[in-house]
Amino acid sequence: MAKYEEPFKDTQEIFEGVIANADLERYVNIKLLSDNKSKTITKVVKANPLLKFETKNDLYIFVNEQVFEQLEGWQKLIVAEEALAGVYFDAEKDKLEIKKGDVETFSGLLSKYGYDRYEVVRESIKTLYQVEKEEAEV
């Protein structure tokens, strides 16, 4: 069973900075907790309606501080930004969404060809499908 704790002040400051840069604190109540038994360095969870009612928190971020604290400062910032990159609040619909990352491939491919070339391939594929779809509509 997971044991949740309040994170260290420096960890809180890193995440608070990323949250402020994303301008999320105006719309979403976020609770950062430490879970040192977690197999992943961060996990972002949207609160269910009952938990939101009880705690007033919309979103929970769990961080494995045993691992996080061993990273260099710039690495910590990237981890925090990555954790919050998929969090999106639609003010018009008053809805909080957590989206998956847009890159799903193998690290070996990215290392071999580089992200820029990979992105060109993905965009080319999207364009080809779009052309095929348009031709089918005609």
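Predicted model: local features only at pLDDT ≥ 70, side-chain atom pairs only at ≥ 80, totals over all residues.
Residues are numbered from 1 along each chain as its sequence is written. Local features need pLDDT of at least 70, side-chain atom pairs count only at pLDDT 80 or more, totals for chains, interfaces and linings use all residues, and side-chain values use heavy atoms, with hydrogens and water left out.

Start with the sheet. Helices (H or I, at least four residues) and strands (E, at least two) are DSSP runs, numbered from the N terminus. Three strands make an open sheet in the order β1-β3-β2, and the pairing is mixed. Two strands pair if DSSP finds at least two bridges between them. β1 and β2 (42–46) are the edge strands, each pairing on one side only. On average, neighbouring strands of this sheet are turned by 20° against each other, direction ignored. Axes here are lines fitted to C-alpha atoms, for helices over the stretch in contact, and angles run from 0 to 180 degrees between N-to-C directions.

Look next at β2 and strand β3 (residues 59–63). Five bridges join them in the antiparallel sense. Lys43 stands opposite Phe62 in β3. Helix α1 lies across β1, β2 and β3, and runs at about 150° to β1.

What lies inside? In soluble globular proteins, nonpolar side chains tend to be buried together. A nonpolar core is a set of buried Ala, Val, Leu, Ile, Met, Phe, Trp, Tyr and Cys residues joined through side-chain atoms within 4.5 Å. Buried means under 20% relative accessible area, exposed over 50%, and partly exposed in between (1.4 Å probe, protein chains only). The largest nonpolar core has 19 residues, and Phe15, Leu84 and Val87 have the most contacts inside it. α1, β3, α4 (73–84) and β4 each give two or more residues to this core. Take Leu84. Leaving aside neighbours within four places in sequence, Leu84 is in contact (heavy atoms within 4.5 Å) with Phe15, Val18, Ile19, Leu24 and Ile61.

Now the rings. Rings of Phe, Tyr and Trp (its six-membered ring) pair if their centres lie within 6.5 Å; planes under 30 degrees apart count as stacked, over 60 as edge-to-face and the rest as tilted. By this rule there are five aromatic pairs. One of them is Tyr27 with Phe89, stacked at 5.1 Å centre to centre with 15° between the planes. Tyr27 lies in the loop between α1 (9–21) and β1 (30–34) and Phe89 in strand β4 (residues 87–90), so the pair ties together parts that are 62 residues apart in sequence. Tyr27 is partly exposed, at 37% relative accessibility. Phe89 is buried, at 16%.

Tyr60 and Phe62 also pair. Their ring centres are 6.3 Å apart and their planes are at 15°, so this pair is stacked. Tyr60 is buried at 10% relative accessibility, and Phe62 is buried at 13%. Ring pairs link Tyr4, Tyr60 and Phe62 into a cluster.

Charges meet rings too. A charge sits over a ring if NZ of Lys or CZ of Arg is within 6 Å of the ring centre and within 35 degrees of the ring normal. Lys56 lies over the face of Phe53, 5.1 Å from the ring centre. The charged end of Lys99 sits over the ring of Tyr88, 5.0 Å from its centre.

Finish at Ile98, in strand β5 (residues 95–98). Ile98 is partly exposed, at 38% relative accessibility. Leaving aside neighbours within four places in sequence, Ile98 is in contact with Val44, Val45, Lys46, Leu59 and Gly86.
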